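Visitor: I would like to walk through a model with you, one question at a time. Could you show it to me?

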Amino acid sequence: MARVTFRLDFKTIELSSLDLPIEVRKPNATLIATALSSETIDVPPGAYYATTRLPGGQRLVAPFEIAEPPATQPLEVVLAPDPEDASAHEWEEVSHFLGRRSVQQSAARPLRAGRIASAARQVSPGALHLRVFSGNVVRHQYVPEPATQILQQVLGDQARLVQFEVPSGTKLLFAQLVQPGGPVQNLALPVSPEAGAQLIICQRDGEFRMEAHLKNHAADMLLQYSSYGAASTATVASRSEAVDGERLLRDKTTDPIAAAVGAYCILRIGDVTRLHDWTQHLRERFAWMPDGAAIHGEHLARMGSHAAALDAFAEVPVRGLPILADGLFYAVERLKLYASRTWKGQDPVDGRRAQSVLDELQPFALLMRRQRPISAYPGLDLSVPDTKAAASVFTSAGSIDLGKWFDPGAPDDPTSSGPLVGSRGG
Amino acid sequence: VSLLHDARAAIGANPGCHALIIGVSEYPYLGGGQQAVADPWGMDQLTSTASTAYKVFEWLTAARLPVPLATCRVLLSPSPSEAHLAGIADHATFDNVFQEAHAWRADASSHPSNVTFFYFAGHGVQRSKEDAVLCLRDFRQPPATAPALRRAIDVATLCGGMSPSPTQDNIARKQFYFIDACRVNPDQLGRFTAPQTAALWDLESGGQDDRSAPVFYASVSNHTAGAIPGAQTLFSKALLACLTGDAGDSLGEDAAGNPEWGVTVQSLNEALQLRVDELNRDLGGDQSYTIGGLLKPATLCLLDQPPLVDVTLTVDPEAASQVSRLVIRGNGQAPRVYNPPFVHPVGERLAAGSYGIELTFNPPAPPYVDQTRFKEARAPRISWKVKVV
């Protein structure tokens, strides 16, 4: 046996330091081992290749050979993207490789949620607004925030893409993209109290799309793997310490969003024994985060404690809309069962109470899609999801005018027209 | 007649696979039916869903499963154009489904290493996103004042009742669900407050839900499932192609070092996305696909050989294919050599595995430069691209 280690060779340290799930196979594709890129594995002499697939759809492949007798020093296998897979810009590398994979978009019907349709191809100043809100949208307790002050523009490609940094905090934040006369999209922002979040607005195939990314890139990657059903890959990726909720809480971290992603992934792959009791801590310690209540509720339900699960789910509307879509759907699906079915056992479930909680969450579930891992839904009033178009004449104080960024007639050099908001460069 | 396969006596106390397959084409109370109601909610007769269910049954009886097929219960309501299926199995009415579902669950509860397989093809509706209501043959049976969904079951209750609990602690921990139905939201359903499906069973508190229980849905919310009239649904065509090889992947090696191949939850999910997309494109379908449920890794079936992969190789820029020599080598196969000019893009059907790709320019053809890549061929299809500038 020889020891094999892995090294990732991306342009950015953020990706090179990721804990990627890796498969080691023989040339005929026979699977020999799965590992995280931070792990060392033992492999018998022979020819192999290491491979990993990123959420963006790119595959990294590196062949290697273990001689007989094996060397005493570990063999380092380097995985790097091929030139044709590289991102256009270094600053775009994270979203390029960790964004929704292209195959998913082409395979499934085009996802409407999160996009603003394409009448907006010919935008002009004033024709596309970005707004920010905070608060509990489930209970109509939300307020506008000054988007121009909250969002920091990092960089962008004029007419194609613009990227913002969202500062850290413990408010529930939502971005809203409004095209006057067209649909309105709302997107929860996965803001970590430790590191903030990233918001990207891009124009692709004539449509505008909002994407949000966690600043914990391992959690961001896991979220994507998990959302498109890559069960085996997500199982390996979820072993990473970077998304180990138990460790994150034990270390007094303040990144409950990453912990929540780890928990949702474990719930998706059905490995509840790994959750121990830390979902309860997540719920109790981060009382502002709806996902903590949803996660603990689903965990309790999986353990058969349905009355206690209902208690947890009932906290969700009190806190607000879960940031991650899984939280809303776990709550709604359980509540529907609790409200409609007879329950046997010593742990009776209050169907009327379940129906009451369900009534508050159901309007959001009607227009959200679970395939989008971060909560997104349409509606100008964030508390009243609907598919109505915005007024054709629309003004909003404190919003960011994206029209001038995506205006095809704008100068090629984005800096010549000045940044949309305070720029940090990059 | 519903138990079309029964090997329980031979299997004894060992674990086995227990299947319940339902195919409904004939809906007497919907549009075009013999007793059609005045407002059938825009839902008409189907022509191929019973046939599709029977094809799935035939696949199941021939497949190499991780545990032997112990029982297969089948309920079919064929359309007149599916007369060859008449009388093969009992009708898929609510009462029959109720009875067979309980028998299926009882069999599944005999051993935690059992496996269950559920397949439904027919009409479906949804009350909200992530909801799937399966309409049975007597859906919309009068009186009109009866609860709207009383002859229908919902997937959440179906899966919930199959969960481990104190009274069914030994129920199968691997459960595979396939829902091949439209999930439309008829306007008429909006008249009702929280319309409920018929109760298939009560749900029970207690018991840890440690199942692998993926649900493969043919159609995402508010989209209608597609079919090839008189033949089979698009989803089943993709599904059966995947289960018989297109979704094949390595399961590692057996104790003797021989490679094992099969279809896993992940490989099936990924291959279905691709194959459904291809069928839509080739047949003009409007089918979509998604996965839900509990996605703990599991193997659905075993395959005799490694999968073949449809590979498309493109050279960037395309003009370079006129002056470059391409060699694809590896995986113990004879090299594929393409001398210039070669037809672009290159299409190959290769065994799964790793390949070296060499593009050379002799004589030199600036600005193009020689390139070498290592790429992986992964079923069912993959696109390779090589940039030469």
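Visitor: In which loop of chain B does Pro341(B) lie?
Guide: This is a predicted model, in which local features need pLDDT of at least 70, side-chain atom pairs count only at pLDDT 80 or more, and totals for chains, interfaces and linings use all residues. Residues are numbered from 1 along each chain as its sequence is written, chains are lettered from A and ligands numbered from 1 in the order in which they are written, and side-chain values use heavy atoms, with hydrogens and water left out. Helices (H or I, at least four residues) and strands (E, at least two) are DSSP runs, numbered from the N terminus. With that settled, Pro341(B) sits in the loop between strand S19 (333-338) and strand S20 (346-351) of chain B.

Visitor: What is omega for the peptide bond from Pro340(B) to Pro341(B)?
Guide: Most peptide bonds are trans. The bond from Pro340(B) to Pro341(B) is cis, with omega near -10 degrees.

Visitor: Is Trp41(B) buried or exposed?
Guide: Trp41(B) lies in the loop between strand S2 (17-24) and helix H2 (49-62) of chain B, and has a positive phi of about 60 degrees although it is not a glycine. Buried means under 20% relative accessible area, exposed over 50%, and partly exposed in between (1.4 Å probe, protein chains only). Because its relative accessibility is 8%, Trp41(B) counts as buried.

Visitor: And His140(A), is that residue buried or exposed?
Guide: His140(A) is placed in the loop between strand S9 (129-136) and strand S10 (141-145) of chain A. Its phi is near 60 degrees, a positive value in a residue other than glycine. With a relative accessible area of 52%, His140(A) is therefore exposed.

Visitor: Which residue in the turn between S13(B) and S14(B) has a positive phi?
Guide: Two strands pair if DSSP finds at least two bridges between them. Strand S13 (residues 248-253) and strand S14 (residues 259-264) of chain B run antiparallel and are joined by 5 bridges, and one bridge links Gly252(B) to Glu260(B). The two strands form a hairpin with 5 residues between them, and the turn residue with a positive phi, about 85 degrees, is Gly257(B).

Visitor: How many helices and strands does chain B have?
Guide: The C-alpha trace of chain B spans about 80 × 50 × 40 Å along its principal axes, and buried residues make up 60% of its 389 residues. Taking contact as heavy atoms within 4.5 Å, residues 24 or more positions apart account for 73% of the chain B contacts with a separation of 6 or more. The secondary structure of chain B comes to 6 helices and 23 strands.

Visitor: What is the secondary structure of chain A?
Guide: Of the 426 residues of chain A, 62% count as buried. Its contacts with a separation of 6 or more come to 68% from residues 24 or more positions apart. Chain A has 14 helices and 19 strands.

Visitor: Is Gln163(A) buried or exposed?
Guide: Gln163(A) belongs to strand S12 (residues 161-166) of chain A. Leaving out residues up to four places away in sequence, the residues that Gln163(A) touches include Trp91(A), Val154(A) and Ile200(A). Because its relative accessibility is 2%, Gln163(A) counts as buried.

Visitor: How many salt bridges are there between chain B and chain A?
Guide: The contact takes 60 residues from chain B and 62 residues from chain A. A salt bridge is a side-chain nitrogen of Lys or Arg within 4 Å of a carboxyl oxygen of Asp or Glu, and Arg59(A) and Glu376(B) form one at 3.2 Å, N to O. The count between the two chains is 9 salt bridges.

Visitor: Which residue is the bridge partner of Trp343(A) in S9(B)?
Guide: Strand S17 (residues 343-344) of chain A and strand S9 (residues 203-204) of chain B pair in the parallel sense over 2 bridges. The partner of Trp343(A) in S9(B) is Leu203(B).
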